[in-house]
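Here are a few notes to read alongside the model. Have the structure open while you go through them.

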Amino acid sequence: MPDTGATELPFPANWHRRDLLELQCLRPDEIQTLLDTAQTLKDLTGGGRNKLSLLSGKTCANLFFENSTRTRSSFSLAAKRLGADTLEFSSAGSSVAKGETFVDTAKTIQAMGVDWVVTRHNTPGTPQLLARELDCSVLNAGDGAHEHPTQGLLDMLTIRQHRGGLEGLTVALVGDIAHSRTARSNLWGLKKMGAHVIVCGPPTLVSPRWAEIGFEVAHSLDEILPRCDVLNLLRIQFERQQARYFPSVHEYAALYAMNADRMRRAKQDILIMAPGPINRGVEITPEVADGPHSVILEQVTNGIAVRMAALWLLAGAADRQGSRHGESENPQTAPQAS
Ligand code: ASP
């Protein structure tokens, strides 16, 4: 892979965050900066084929306490594409099995000299806890059913690439809204960027309270389908469900799966998205997942761009601010730009 070496990249004046914990707390201009930076880095790396040295000398640790295919590997690739080293940690086979706490494990990893901890955990709020305890930057790669901010960002980047923007679009999140962190990050992010967001699924999985805070609530995919510019089909999160929320997968699919028949009743340029992993035949049929409207694999590619942007922006803020628990050694230090 060619290394394009030094690259000048002006650091955005509006970016001061050293952690990426959720989209709910970000301002629209910060989301815009993340998306613009992701697009710039995607272009500068030739769609991810070339390496830059923007983050050389830094180390990114992946601290995953839950399964992951896309998120984990794409954080690693993002760090490597910008010249950083990576450290992989999985709870299986670690000292967690010997009784070490989550925070002690994270502090141990930090003591090896890491600049970012990327964490995934089934307990909501664990990234916030780490951000209070650690000096390095913390990125939330999914905390229970709370948020998955880089997923929300890569979804928005994918829509933006196809539609030029997000404002005014009608985007439906379909499926297990109750247990989906992807849903929550999309909801906050899309609303802040001016999209009209519909949450659609069985009443047992879509709370009417979403309507109280400005989202459209729907229970019939067939009714909303003709109005949708984008459908984001969420997986049923069986691993998080404590009860039966619908009679059977067959009945769920009959009402909510995107299939060839429903495609005929959708807008001609509808975008079909899914965060993955997809369950073929449950929320989406194979002909739709692999069809011309599907951008599911583009979402995966954009995941690297978004994670490159997040790592670079957080590192830039941390370099400028110095230690968060003490005096800055060199507050004027600009982010590494070469
Ligand atoms: N990969 C996403 C997540 O970790 C979506 C999913 O698992 O359904 O939340």
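1. Arg181 sits in helix 6, residues 181–192. Helices here are DSSP runs of H or I with at least four residues, numbered from the N terminus.

2. Arg181 also turns up in a UniProt "binding site" annotation from an unreviewed entry, together with Lys98 and Arg235. These three are spread over 138 residues of sequence, and in space too, with up to 33.4 Å between C-alpha atoms. UniProt positions follow the numbering used here, feature names are shortened, and annotations may be inferred rather than shown by experiment.

3. A word on what you're looking at: this is a predicted model, where local features need pLDDT of at least 70, side-chain atom pairs count only at pLDDT 80 or more, and totals for chains, interfaces and linings use all residues. Residues are numbered from 1 along each chain as its sequence is written, and side-chain values use heavy atoms, leaving out hydrogens and water.

4. How confident is the predictor? The chain's mean pLDDT (confidence in each residue, from 0 to 100) is 91, and 93% of its residues reach 70 or more. Over residues 328–338, though, pLDDT is below 50; this stretch still has 28 contacts (heavy atoms within 4.5 Å) in the model beyond near neighbours in sequence.

5. Now find helix 1 (residues 28–44) and helix 5 (residues 149–163): their axes, lines fitted to C-alpha atoms over the stretch in contact, come within 10 Å and cross at roughly 70°. So helix 1 is roughly perpendicular to helix 5, a label for angles of 65 to 115 degrees on a scale from 0 to 180 between N-to-C directions.

Technical notes. pLDDT is the predictor's confidence in each residue, from 0 to 100. Helices (H or I, at least four residues) and strands (E, at least two) are DSSP runs, numbered from the N terminus. Angles under 35 degrees count as roughly parallel, over 145 as roughly antiparallel, 65 to 115 as roughly perpendicular and the rest as oblique.
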